[in-house]
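Hello,

Here is the structure I promised to pass on to you. Have a look at it first, and then read on for what turned up in it.

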Amino acid sequence: MADHDPGGIARLLAIMARLRDPVHGCTWDVAQDFASIAPYTIEEAYEVADAIDRGDLPALRDELGDLLLQVVFHAQMASEAGAFGFGDVVAAISAKMERRHPHVFGDAGATPGWHALKRAERADAGDVDASALAGVARGMPEWQRAVKLQDLAARVGFDWPGHRPVLAKLQEEIDEVRVEFDTLESSPGDAAARLRLQDELGDLLFVAANLARHARVDVGTAMRGANAKFERRFRCMEAMARDDGVELAALTPKAQDRYWERVKDGERDRR
């Protein structure tokens, strides 16, 4: 199937420039800056992942367009500031891909060494951080950052030998969380205990991310699946309750749980 390209990227760049025109543009677009647009950029990346998860190619086309618009938006603002333009973004990523794949675009016998090349690029840019954990962006979702940090530590041998010790560590963290919950139950106003609970919950989630890494399961994909499952089951509970002439919110937790079990039983019967 041939690409439809009426105007191509030049048309989109012209649209974005017009939207940002301080006199004739859109008031909302003109008011934005890098910081205000960044959350939308992240949101659009998740929308792309969602379309992929659903196997919805028409939606993927639209979501990729929305994500591309974010790149164009940032490039337009940078151009207005005299920093760089969209063409510079394209040139930079093209050069980077060729540089990081010398075995494809250069010496056919070269060893890829992706991470070594990234370290060399950071050094050339003046980054003096020599840690094995250098280069992990702080703007990414924290669960993803946890896995990145664990991966980099594992490259120098700092890792569990398999999933079993990680499971044992997970149980240890659950026990520590339970202790802090018990402390808060006896002293609800204990601010220090609440901070300790936050810290222990962080440890628990960090180890859970490590367990997913050892299982070679993407944490984001697993969480999207869990969220979709919960939403599907909860909506079924609501529908069942309405069919019975009641509202879910009016029921006791025990009665609500009976609907939850009915939904789960129905799913098992359909397998």
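To follow the first finding, you need to know that a helix axis here is a line fitted to C-alpha atoms over the stretch in contact, and that angles run from 0 to 180 degrees between N-to-C directions. Please keep in mind that this is a predicted model.

Let's start with a pair of helices. α9 (residues 163-186) packs against α10 (residues 191-214) at an angle of about 160°, and their axes are 9 Å apart. Angles over 145 degrees count as roughly antiparallel, so α9 and α10 are roughly antiparallel to each other. Their crossing is left-handed. The contact of α9 with α10 has 14 nonpolar, 4 polar and 8 charged residues.

Next come the salt bridges, and the count is 16. One of them joins E80 and R20, with the closest N and O atoms 2.6 Å apart. E80 belongs to helix α4 (residues 57-80) and R20 to the loop between α1 (8-19) and α2 (27-31), so this pair ties together parts that are 60 residues apart in sequence. Are these two residues buried or exposed? R20 is buried, at 11% relative accessible area, while E80 counts as partly exposed, at 40%.

Helix α12 (residues 253-270) holds both R268 and D265, which sit 3 residues apart, about one turn of the helix. They form a salt bridge with the closest N and O atoms 2.2 Å apart.

Finally, look at R54 and D56, whose side chains meet in a salt bridge (3.2 Å, N to O). Together with D50, they are linked in a network of salt bridges.

Enjoy exploring!

Technical notes:
Residues are numbered from 1 along each chain as its sequence is written. This is a predicted model: local features need pLDDT of at least 70, side-chain atom pairs count only at pLDDT 80 or more; totals for chains, interfaces and linings use all residues. Side-chain values use heavy atoms; hydrogens and water are left out. Helices (H or I, at least four residues) and strands (E, at least two) are DSSP runs, numbered from the N terminus. Angles under 35 degrees count as roughly parallel, over 145 as roughly antiparallel, 65 to 115 as roughly perpendicular and the rest as oblique. A crossing is left-handed if the near helix is turned anticlockwise from the far one by less than a right angle, and right-handed if clockwise. Ala, Val, Leu, Ile, Met, Phe, Trp, Tyr, Cys and Pro count as nonpolar, Asp, Glu, Lys and Arg as charged, and the others, Gly among them, as polar. A salt bridge is a side-chain nitrogen of Lys or Arg within 4 Å of a carboxyl oxygen of Asp or Glu. Buried means under 20% relative accessible area, exposed over 50%, partly exposed in between (1.4 Å probe, protein chains only).
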